Amino acid sequence: MGHQRNYIYAGLAEPNRPGSILIFRYQNEIMEKTLEVQAHAQQIERMSLNYDNSKLFSVGIDGTLCCFSVLNKLKLQQTDILHGEILI
(Lines give C-alpha, C1' and ligand atoms only; values in the text may rest on other atoms or scores of the structure.)
Protein backbone atom coordinates (compact mmCIF):
# COMPACT_ATOMS: atom_id res chain seq x y z
CA MET A 1 0.00 0.00 0.00
CA GLY A 2 1.33 3.45 -0.88
CA HIS A 3 2.20 6.13 1.67
CA GLN A 4 -1.06 8.01 1.12
CA ARG A 5 -2.83 4.78 2.08
CA ASN A 6 -5.32 5.04 -0.74
CA TYR A 7 -3.44 3.06 -3.43
CA ILE A 8 -2.86 -0.69 -3.40
CA TYR A 9 -0.33 -2.47 -5.62
CA ALA A 10 -1.04 -6.11 -6.47
CA GLY A 11 0.62 -8.80 -8.57
CA LEU A 12 -1.42 -11.24 -10.67
CA ALA A 13 -0.91 -14.97 -11.05
CA GLU A 14 -3.84 -15.66 -13.38
CA PRO A 15 -3.12 -18.09 -16.24
CA ASN A 16 -4.08 -15.61 -18.96
CA ARG A 17 -2.24 -12.61 -17.40
CA PRO A 18 0.64 -13.88 -15.25
CA GLY A 19 3.08 -11.25 -14.07
CA SER A 20 0.79 -8.24 -14.34
CA ILE A 21 0.90 -5.47 -11.74
CA LEU A 22 -2.39 -3.83 -10.84
CA ILE A 23 -2.86 -0.50 -9.09
CA PHE A 24 -6.13 0.03 -7.25
CA ARG A 25 -7.38 3.28 -5.79
CA TYR A 26 -9.32 3.04 -2.55
CA GLN A 27 -11.41 6.07 -1.70
CA ASN A 28 -14.68 6.54 0.14
CA GLU A 29 -14.93 2.78 0.73
CA ILE A 30 -14.82 2.14 -3.04
CA MET A 31 -11.95 0.31 -4.74
CA GLU A 32 -11.33 0.80 -8.46
CA LYS A 33 -8.60 -0.51 -10.75
CA THR A 34 -6.62 2.41 -12.16
CA LEU A 35 -3.73 0.74 -14.01
CA GLU A 36 -2.47 -2.65 -15.21
CA VAL A 37 1.13 -3.21 -16.38
CA GLN A 38 2.48 -6.47 -17.81
CA ALA A 39 5.83 -6.79 -16.00
CA HIS A 40 6.83 -10.48 -16.01
CA ALA A 41 6.41 -13.54 -18.21
CA GLN A 42 5.30 -15.61 -15.22
CA GLN A 43 3.67 -14.86 -11.87
CA ILE A 44 5.07 -12.25 -9.49
CA GLU A 45 6.73 -13.66 -6.40
CA ARG A 46 7.36 -10.44 -4.40
CA MET A 47 6.72 -6.69 -4.66
CA SER A 48 7.92 -3.81 -2.52
CA LEU A 49 7.99 -0.01 -2.50
CA ASN A 50 11.13 1.83 -1.44
CA TYR A 51 11.28 4.11 1.62
CA ASP A 52 9.68 7.16 -0.06
CA ASN A 53 7.32 5.21 -2.36
CA SER A 54 9.01 6.57 -5.50
CA LYS A 55 10.14 3.12 -6.73
CA LEU A 56 8.23 -0.15 -7.02
CA PHE A 57 10.26 -3.38 -7.23
CA SER A 58 8.83 -6.68 -8.41
CA VAL A 59 10.40 -10.14 -8.68
CA GLY A 60 8.89 -12.86 -10.83
CA ILE A 61 9.35 -16.60 -10.83
CA ASP A 62 10.65 -16.09 -14.38
CA GLY A 63 13.90 -14.85 -12.78
CA THR A 64 13.48 -11.14 -13.45
CA LEU A 65 13.63 -8.16 -11.12
CA CYS A 66 11.78 -5.08 -12.40
CA CYS A 67 12.10 -1.57 -11.06
CA PHE A 68 9.44 1.04 -11.79
CA SER A 69 9.48 4.76 -11.09
CA VAL A 70 6.15 5.75 -9.57
CA LEU A 71 5.58 8.96 -11.54
CA ASN A 72 2.15 9.43 -10.10
CA LYS A 73 -0.42 7.00 -8.83
CA LEU A 74 -1.81 6.43 -12.31
CA LYS A 75 1.47 5.85 -14.16
CA LEU A 76 4.53 3.61 -13.74
CA GLN A 77 7.68 3.93 -15.81
CA GLN A 78 9.85 0.84 -16.06
CA THR A 79 13.44 1.83 -15.31
CA ASP A 80 15.37 -1.45 -15.01
CA ILE A 81 14.97 -5.15 -15.73
CA LEU A 82 17.49 -7.68 -14.45
CA HIS A 83 17.45 -11.28 -15.69
CA GLY A 84 19.03 -14.27 -14.03
CA GLU A 85 18.83 -16.09 -10.75
CA ILE A 86 17.61 -13.85 -7.96
CA LEU A 87 17.72 -14.99 -4.37
CA ILE A 88 14.73 -13.91 -2.31
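**View 1. Strands β1 and β2 side by side.** Here β1 and β2 (residues 20-27) run antiparallel and are joined by 5 bridges. Strands here are DSSP runs of E with at least two residues, numbered from the N terminus, and two of them pair if DSSP finds at least two bridges between them. Look for Ala10: its bridge partner in β2 is Leu22. A quick note before moving on: this is a predicted model, where local features need pLDDT of at least 70 and side-chain atom pairs count only at pLDDT 80 or more, while totals for chains, interfaces and linings use all residues. Residues are numbered from 1 along each chain as its sequence is written, and side-chain values use heavy atoms, with hydrogens and water left out.

**View 2. The hairpin of β2 and β3.** These two strands pair in the antiparallel sense, this time over 8 bridges. Phe24 sits opposite Lys33 in β3. Together β2 and β3 make a hairpin with 2 residues between them, and Asn28 in the turn has a positive phi of about 55 degrees.

**View 3. The open sheet.** Put together, 3 strands line up in the order β1-β2-β3, with antiparallel pairing. β1 (7-11) and β3 (30-38) are at the edges with a single partner strand each, so one side of each has no neighbour in the sheet.

**View 4. Around Thr64.** Thr64 belongs to strand β6 (residues 64-72). Its relative accessibility is 6%, so Thr64 counts as buried (under 20% relative accessible area, with a 1.4 Å probe and protein chains only; exposed is over 50%, partly exposed in between). What does the side chain of Thr64 make a polar contact with at 2.6 Å? That partner is the side chain of His40. The Thr64 side chain also makes a polar contact with the side chain of Asp62 (2.8 Å). Such a contact is a pair of N or O atoms within 3.5 Å; within protein, one must be able to donate a hydrogen and the other to accept it, and residues adjacent in sequence count only if both atoms are side-chain atoms.

Terms used: Helices (H or I, at least four residues) and strands (E, at least two) are DSSP runs, numbered from the N terminus.
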